[in-house]
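My entries follow in the order I looked things up.

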Amino acid sequence: MIAMVYVVYLQGGPEPLGVRTDNRVVTTTQAVTELKIPCEGGVGLWRYAQEHITIGTGQAAVFEYVRMEQEDPPPG
């Protein structure tokens, strides 16, 4: 069985952490319409924007930034 991998481009919002931040691309194995991604300052929510863009030789679903779901406590 081959697992499908969905490529997602995170548009706008704070800089995501732990992803290939050079192009804000994330992969997921589930077909989802919302993603919660750790980013600078907490956890951000991105929602599927009903569009795709071409990255390299493949297609990526565009997810647009919605809001912060969870704020990191200020340092100190």
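**Entry 1. Charges and overall build**

How many positive and how many negative side chains does the protein have, and how far apart do the centres of the two sets lie? I counted 5 positive and 9 negative side chains. The centres of the two sets lie 5 Å apart. I note here that the model is predicted.

Next I looked up the secondary structure. I found five strands and zero helices. Along the sequence the pattern reads β-β-β-β-β.

Then I took the overall dimensions. The C-alpha atoms fill a box of roughly 45 × 25 × 20 Å along the principal axes. The accessible surface is about 5,100 Å². Carbon and sulfur atoms hold 52% of that surface. The protein has 76 residues, and 28% of them count as buried.

I turned to strand E3, residues 34–39. Which residues make up its covered face? They are Leu35, Ile37 and Cys39. The uncovered face carries Glu34, Lys36 and Pro38. I recalled a general rule: in a regular strand the side chains alternate between the two faces of the sheet.

E3 runs antiparallel to strand E4, residues 42–55, and six bridges join the two.

Gln70 lies in strand E5. Setting aside residues up to four places away in sequence, Gln70 touches Gly41, Gly42 and Val43. I also looked up the distance from Gln70 to Thr57. They are 13 residues apart in sequence, and their C-alpha atoms are 34 Å apart in space.

**Entry 2. How E5 is paired**

Which way do E4 and E5 pair, parallel or antiparallel? They pair in the antiparallel sense, over eleven bridges. Thr54 stands opposite Gln59 in E5. E4 and E5 also form a hairpin, with two residues between them. Gly56 sits in the turn and has a positive phi of about 60 degrees.

E5 has another partner. Strand E1, residues 6–11, runs parallel to E5, and four bridges join them. Val8 stands opposite Ala61 in E5.

Val62 is also in E5. Is Val62 buried or exposed? Its relative accessible area is 0%, so I logged Val62 as buried. I listed its contacts, leaving out neighbours within four places in sequence. They are Tyr9, Gln11, Arg47, Tyr48, Ala49, Glu51, His52 and Ile53. Val62 and Gly76 are 14 residues apart along the chain, with 36 Å between their C-alpha atoms.

**Entry 3. Aromatic pairs**

How many aromatic pairs does the structure hold? I found two. In one of them, the ring centres of Trp46 and Tyr65 are 5.2 Å apart. Why is this pair called edge-to-face? The planes of the two rings meet at 65 degrees, and over 60 counts as edge-to-face. Trp46 is in strand E4 and Tyr65 in strand E5, residues 58–71. They are 19 residues apart, and the pair links distant parts of the chain. Trp46 is buried, at 0% relative accessible area. Tyr65 has 27% relative accessibility and counts as partly exposed.

Tyr48 and Phe63 form an aromatic pair that is tilted. I read 5.7 Å centre to centre and 50 degrees between the planes. Tyr48 lies in E4 and Phe63 in E5, so this pair ties together parts 15 residues apart in sequence. Tyr48 is partly exposed, at 22%. Phe63 is buried, at 2%.

My last stop was Gln50, in strand E4. Most residues other than glycine have a negative phi. Gln50 has a positive phi, near 60 degrees. Its relative accessibility is 65%, so Gln50 counts as exposed.

Notes: Residues are numbered from 1 along each chain as its sequence is written. This is a predicted model: local features need pLDDT of at least 70, side-chain atom pairs count only at pLDDT 80 or more; totals for chains, interfaces and linings use all residues. Side-chain values use heavy atoms; hydrogens and water are left out. Buried means under 20% relative accessible area, exposed over 50%, partly exposed in between (1.4 Å probe, protein chains only). Two strands pair if DSSP finds at least two bridges between them. Rings of Phe, Tyr and Trp (its six-membered ring) pair if their centres lie within 6.5 Å; planes under 30 degrees apart count as stacked, over 60 as edge-to-face and the rest as tilted. Accessible areas come from the Shrake-Rupley method with a 1.4 Å probe; for residues, only the protein chains shown count as cover. Lys and Arg count as positive and Asp and Glu as negative; His and the chain ends are not counted. The place of a charge is taken as NZ of Lys, CZ of Arg, CG of Asp or CD of Glu. Contact means heavy atoms within 4.5 Å.
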